[in-house]
Amino acid sequence: MSSQEPYVTVVGSGPAGLLLSLILAQNKIPVTLVEKADTLDKQPRATHYAGPAVSVLRRAGVMDDIAAKGFFPEKLTFRTFDNKVLATIDHTGVSDDPDRLVCLPLNQLGQILLSHLQKHPNATILWNHEVTDIKDDNGTGVVTVTAPDGSKELRARYVVGCDGANSKVRRLLFGDWEFPGKTWDTQVVATNAYYDFYKFGYEDANFIIDPEHWYMAARITRDGMWRVSYGVPASLTKEELLEQRDEKWRNMLPGNPSPEDYRITNFSPYKVHQRLAESMRVGPFVLAADAAHLCNPFGGLGLTGGIVDVGGLADCLIGLYEGKADNSILDIYSKVRREKYSQFIDPISSANLLRMFDKDPSTVSQRDESLQMINGVKDDPTKMKELIGGINVITYDFTQHYRSK
Ligand SMILES: Cc1cc2nc3c(=O)[nH]c(=O)nc-3n(C[C@H](O)[C@H](O)[C@H](O)COP(=O)(O)OP(=O)(O)OC[C@H]3O[C@@H](n4cnc5c(N)ncnc54)[C@H](O)[C@@H]3O)c2cc1C
């Protein structure tokens, strides 16, 4: 490695790439972050991050800023279309837990991570740099980037693809169409809107279970903006969805609102997938977050899982940089993170989506295992706490594979 070379090249300035770069920079590791766009992405995507992700964000020293801009949701309810509460996850009993569920729209999370990263002289950020090719040069990761001043090669000991669902790094490693899993028949329209759901008895987050009008309504900002995410057939185009939107909202939402009753600030349909890359490590190339695995957004496990990847991968790379670990730790990273996806994130998020359009919402709480578990602990704050903490099963301590241990 020449003195000019970073130890790690991170591809993609989404939340995963920013957070990984930040933790590496905080640990004195030279890192270069390359991003094809000229700024951070502003699409309405993630908003809620569960405990295991909050733990990594806290470790990176950004939780005070997140708490100052975001908030900690208290109750998550499951409801029928006619507003009967089926089950409630109550977070008020964990209000003293530093790693409790937090809500902050992704674009604001990105800004916070970026502002922290920019304070580190050992981190270089290259905007307008698109990775177009990769090669393994005797164990050194080489990426070819197209930049405004032409094409060039960047070398580093390791290259981490945090370049999202359509990851170029993953496609170059395995092939354009090699991302095993499935795409759901339904797509999800994510909207940000001002409409007062509280006046209908809604809590901070609400999952409305219905075969036709299923949706999630969750407050996402302190000033009363809500995320309304609803399911529509995958065949409809964005234009068709926009045309039908006001009628859909009148039929779907409590109070049957007209367009003058709400203000929509973002509208974006998404195809939804359950997919897992066949490996998260090939030689000097490693994958994390959406580049490695995808799940539908119900339950907020996508980026939560991605951030947990990043925390674990940071420990692996720190161990390697400091000579406390050998290269095999990255194979362990790949094996463990893939298992956590297959055993927990994929089945839990799939069940979350299937429940949304259950055919008989009036009996779903007697049939659905998760709703039964939630109702089983509703009068016992200690057990409710344990149930909420159950998601920590997706975490893993990679420092146990350091040589000294
Ligand atoms: C509607 C919706 C709601 C969601 N809600 C939640 C939620 O509440 N909680 C949760 O945990 N998750 C949620 N998710 C999932 C979450 O948004 C994603 O998991 C997360 O954004 C992925 O982050 P990332 O950093 O891996 O990738 P991205 O955010 O996609 O970032 C990838 C970056 O890589 C860049 N890039 C791509 N290709 C290249 C290239 N060749 N060269 C250089 N740069 C490149 C891109 O420009 C981009 O900036 C939701 C998703 C959707 C769609």
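1. Let's start with the side chain of S167. In this predicted model, a polar atom of that side chain lies 3.3 Å from the backbone nitrogen of V169. The backbone nitrogen of R170 also has a polar atom of the S167 side chain at 2.8 Å. S167 itself is found in the loop between β11 (158-161) and α5 (168-174). Its relative accessibility is 0%, so S167 counts as buried, the cut-off being under 20%.

2. N83 is not a glycine, yet its phi is positive, near 70°. You will find N83 in the loop between β4 (75-80) and β5 (85-90). With a relative accessibility of 28%, N83 counts as partly exposed, because that value falls between the 20% and 50% limits.

3. The other asparagine is N138, which has a positive phi of about 50° although it is not a glycine. N138 sits in the loop between β8 (130-137) and β9 (140-147). Here the relative accessibility is 78%, so N138 counts as exposed, the cut-off being over 50%.

4. Now to the ligand. It is surrounded by 32 residues, and the closest are E35, R45, H48, D290 and T304. By class, the residues of this shell divide into 14 nonpolar, 10 polar and eight charged.

5. Where does the backbone come within reach of the ligand's polar atoms? A backbone N or O atom of H48 lies 2.7 Å from a nitrogen atom of the ligand. For A16, a backbone N or O atom lies 3.0 Å from a ligand oxygen, and for T47 the distance from a backbone N or O atom to an oxygen atom of the ligand is 3.1 Å. On its own the ligand has 1000 Å² of accessible area, and the protein covers 90% of it.

6. Which elements supply the shell? At least two residues come from each of α1 (15-26), β8 (130-137) and α7 (302-321). The largest share, three residues, comes from α7. In terms of domains, domain 1 (8-71 + 100-180 + 274-401) and domain 2 (183-272) each contribute at least three residues to the shell around the ligand.

7. Finally, a word on the annotation. The unreviewed UniProt entry gives "domain: FAD-binding" for residues 8-343. Over residues 8-343, the chain is 29% helix and 32% strand, and the end C-alpha atoms of this stretch are 30 Å apart.

Methods: Residues are numbered from 1 along each chain as its sequence is written. This is a predicted model: local features need pLDDT of at least 70, side-chain atom pairs count only at pLDDT 80 or more; totals for chains, interfaces and linings use all residues. Side-chain values use heavy atoms; hydrogens and water are left out. A residue is near a molecule or strand if one of its heavy atoms lies within 4 Å of it. A polar contact is a pair of N or O atoms within 3.5 Å; within protein, one must be able to donate a hydrogen and the other to accept it, and residues adjacent in sequence count only if both atoms are side-chain atoms. Accessible areas come from the Shrake-Rupley method with a 1.4 Å probe; for residues, only the protein chains shown count as cover. Helices (H or I, at least four residues) and strands (E, at least two) are DSSP runs, numbered from the N terminus. Ala, Val, Leu, Ile, Met, Phe, Trp, Tyr, Cys and Pro count as nonpolar, Asp, Glu, Lys and Arg as charged, and the others, Gly among them, as polar. Domain bounds come from an automatic or database domain assignment. UniProt positions are given in the numbering used here, feature names are shortened, and annotations may be inferred rather than shown by experiment. Buried means under 20% relative accessible area, exposed over 50%, partly exposed in between (1.4 Å probe, protein chains only).
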